[in-house]
Amino acid sequence: MGGMSGPYLIRGSVSLPEAELMWRFSRSSGPGGQHVNTSDSQVELRFDLASTEALPEVWKARALERLASRLVNGVVTVRASEHRSQWRNRETAAVRLTALLAEATAPPPKPRRATKIPRGINERRLRVKKQRSETKRGRQGRDWG
């Protein structure tokens with residue numbers, strides 16, 4: 001089973017160094033039958049965001065601000081226990097962490113520039129509205145009946 005072990009790419013050429021990732025394995029409550037009681041297939045991946053040197057300072061500040069609610073002493077934690085195999089759970093946890101960091105370090109969206117509605121469009125809208133109003137007024141049958 002091939003995989004993506006090694007440097008986990010966040011964006012561009014910036015990646016998470018394997019040395020800064022802390023792995024913890026425990027018994028999973030997920031699928032696996034009797035096997036689940038004996039194998040440590042749940043994976044917990046921790047990454048010390050506050051003290052890492054792998055991310056550019058701007059990204060780090062952005063990520064610390066955006067992930068503030070998820071951090072415990074500057075450490076972000078991701079869990080995976082969907083799969084029966086520890087290896088697949090490791091891959092899932094790593095993918096989740098890189099996706100989380102990619103989103104948290106993304107530049108803020110460009111501010112929206114307010115635009116003015118062209119006068120012609122507004123005038124046409126009002127003209128159509130007036131026509132509709134006239135049509136409906138014509139239906140108020142005072143004379144017929």
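**A buried charge and its surroundings**

Modeller: E44 is buried, with a relative accessibility of 7%. Buried means under 20% relative accessible area, exposed means over 50%, and partly exposed lies in between (1.4 Å probe, protein chains only). This is a predicted model, in which local features need pLDDT of at least 70 and side-chain atom pairs need pLDDT 80 or more, while totals for chains, interfaces and linings use all residues. Residues are numbered from 1 along each chain as its sequence is written, and side-chain values use heavy atoms, with hydrogens and water left out.

Start with the partner. E44 forms a salt bridge with R24, and their closest N and O atoms are 3.2 Å apart. R24 is in strand β3 (residues 21-26) and E44 is in strand β4 (residues 42-48), so this pair links distant parts of the chain, 20 residues apart. Strands are DSSP runs of E, at least two residues long, and helices are runs of H or I, at least four residues long, numbered from the N terminus. A salt bridge here is a side-chain nitrogen of Lys or Arg within 4 Å of a carboxyl oxygen of Asp or Glu. Side chains of opposite charge can pair when their charged atoms come close. R79 belongs to the picture too: R24, E44 and R79 are linked in a network of salt bridges.

Now step back. How many salt bridges does this rule find? The count comes to 5.

One of them joins R96 and E82, with the closest N and O atoms 2.6 Å apart. This pair also links distant parts of the chain: R96 is in helix α2, E82 is in the loop between β5 (75-80) and α2, and 14 residues separate them. R96 is partly exposed, at 34%. E82 is partly exposed as well, at 39%.

Another salt bridge joins K60 and E57, with the closest N and O atoms 4.0 Å apart. Both residues lie in helix α1, 3 residues apart, or about one turn of the helix. Look at how they sit. K60 is buried, at 8% relative accessibility, whereas E57 is exposed, at 56%.

That contrast runs through α1. In this helix (residues 57-66), W59, K60 and A63 are buried. Why do they share a side? They cover an arc of only 100° around the axis, which puts them on the same side of α1. The arc is taken from the directions from the helix axis to the C-beta atoms. On the other side, E57, V58 and E65 are exposed. What covers the buried residues includes β1 (8-11), β2 (14-16) and α2 (86-105).

The C-alpha atoms of A61 and A50 are 8.8 Å apart in space, and the two residues are 11 apart in sequence.

Turn to α2, which also holds R88. R88 is partly exposed, at 41%. Along the chain, R88 and Q42 are 46 residues apart, and their C-alpha atoms are separated by 9.9 Å.

A charge also sits over a ring. R90 lies over the face of W23, at 4.2 Å from the ring centre. The rule asks for NZ of Lys or CZ of Arg within 6 Å of the ring centre and within 35 degrees of the ring normal.

N73 is found in the loop between α1 and β5. N73 has a positive phi of about 55°, although it is not a glycine. N73 is exposed, with a relative accessible area of 75%.

Last, the whole chain. The secondary structure comes to 3 helices and 5 strands. Along the sequence, the order is β-β-β-β-α-β-α-α. Of the 145 residues, 28% count as buried, and E44 is one of the buried residues. Contact means heavy atoms within 4.5 Å. Among contacts with a separation of 6 or more, 64% come from residues 24 or more positions apart. The chain exposes about 10,500 Å², and carbon and sulfur atoms supply 52% of it. These areas come from the Shrake-Rupley method with a 1.4 Å probe; for residues, only the protein chains shown count as cover.
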